Amino acid sequence: MAAAKQASLLHSERLRFVGCFLGVFVCYFYYGILQETITRGDYGQGEKKEKFRYAQTLVFIQCIINSVFARILIHFFEGSRQDHTKSWLYGLCSLSYLGAMVSSNSALLYVNYPTQVLGKSCKPIPVMILGVTILRKKYPLAKYLCVLLIVSGVALFLYKPKQSLTTTDDHLFGFGELLLLLSLTMDGLTGVAQDHMRARFQTSAYHMMLNINMWSTLVLGLAVLWTGEVWEFVNFAQRHSSILYNILLFGLTSALGQTFIFLTVVYFGPLTCSIVTTTRKFFTILGSVILFGNVINSMQWFGTILVFLGLGLDAKFGKTPKKTTH
């Protein structure tokens, strides 16, 4: 009887994990298409043609929509459940969250896109390292192997020797790489804060999503008002009102995707969430290769095998001690 109940719980947990993974993948796949459409599209015609240059305001709107969406989810699914998580902890988490995004986006001014993606694909490493050193978390040995295999596979898949040899920078570790290192550190600190919320306050996914986005909205709101970017965006939107529809869809896909991300954080932890988001990035690139018929070299096929091997091992061995309490 006990064995049957345990098997049922394990099956339910696996279904929940698959649901979270598919939710993150589908939402952020369309999110990426909308992001590129908004930020890289041409607006206007002839000499009046212009580009969208209001990234901070776009993220600001995204955080507002995320906050509203989380508030609706709390109303319907949380009921009168109280959130006892400290406000300052949400504030610190939002600062590290925003720091990671700003640093990685700023790094693109100094390094090429493959380098930036390659750096961000190593996100599970700082999440694990800081979780072990600060929170004294104990992961099974299989988890370390899974992270190593997945990150190595993504790195091999994205690595392009010809691009790495054509750099115009004489330094092996320049300012762009420092920004990526800062972004990864911020990712790790965000994971530590989220792990602490789960262990100490049993923070729900929706309360975590609401409060982190509300703090992020406050910080970004002050920033876009201080720089005046928000008023430039308003003028741009008046000239090209068609962009508002894409921005609304962008915000909604972000809210849905972030819901699945926070559900993954709460049920499976920040490390598993970072593995999911890293793997989602990998599958997006792999899907584009299959859909558009691009050639995969032997190194990329080897990276593909490593990622699938890491995912398989993590599904079987990596989640055993998840229910331990601190």
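Me: Helices are DSSP runs of H or I with at least four residues, numbered from the N terminus. With that in mind, where does S204 lie in this predicted model?

Reply: The model is predicted. S204 lies in the loop between α8 (175-201) and α9. Residue Q202 has its place in that loop between α8 and α9 as well.

Me: Why does S204 count as buried?

Reply: Buried means under 20% relative accessible area. The value for S204 is 5%, so S204 counts as buried.

Me: How many helices and strands does the protein chain have?

Reply: The secondary structure comes to 13 helices and zero strands. Of the 326 residues of the chain, 46% count as buried.

Me: How do you know that the span of helix α11 agrees?

Reply: The 26 residues of α11, residues 243-268, should span 38 Å at 1.5 Å a residue. The end C-alpha atoms of α11 are 36 Å apart, which agrees. Helix α11 is followed by G269, whose phi is positive, near 95°.

Me: Which residues form the nonpolar patch on the surface?

Reply: The patch is formed by W88, L92, L95, W215, L218, V219 and L222, with about 700 Å² of accessible area together. Helices α3 (87-107) and α9 each supply at least two of its residues. Helix α9 gives the most, with four residues.

Me: Why is V219 called partly exposed?

Reply: The relative accessible area of V219 is 30%, which falls between 20% and 50%, so V219 is partly exposed. V219 lies in helix α9. The C-alpha atoms of F60 and V219 are separated by 8.9 Å, although the two residues are 159 residues apart along the chain.

Me: What makes F60 buried?

Reply: F60, which lies in helix α2, has a relative accessibility of 17%. This value is under 20%, so F60 counts as buried.

Me: What makes the pair of E50 and R239 a salt bridge?

Reply: A salt bridge requires a side-chain nitrogen of Lys or Arg within 4 Å of a carboxyl oxygen of Asp or Glu. The closest N and O atoms of E50 and R239 are 3.0 Å apart, so the pair meets the rule. The pair links distant parts of the chain: E50 is in the loop between α1 (2-40) and α2 (55-78), and R239 is in helix α10 (residues 229-239), 189 residues apart. E50, at 22% relative accessibility, counts as partly exposed, and R239, at 47%, also counts as partly exposed.

Me: What makes D195 and R198 a salt bridge?

Reply: The N to O distance between their side chains is 2.8 Å, which is within 4 Å, so the pair counts as a salt bridge. D195 and R198 both lie in helix α8, three residues apart, about one turn of the helix. An α-helix has 3.6 residues a turn, so residues three or four places apart point the same way. D195 counts as buried, at 6% relative accessibility. By this rule the count comes to two salt bridges.

How values were computed
Residues numbered from 1 in each chain as written. Predicted model: local features only at pLDDT ≥ 70, side-chain atom pairs only at ≥ 80, totals over all residues. Heavy atoms only, no water. Patch = residues over 30% accessible without salt bridge, like charges linked within 9 Å, V, L, I, M, F, W, Y side chains within 5 Å. Areas by Shrake-Rupley, 256 points an atom, 1.4 Å probe, with all protein chains shown as cover. Buried < 20%, exposed > 50% of the residue type's maximum accessible area, 1.4 Å probe, protein only. Expected span 1.5 Å × (residues − 1).
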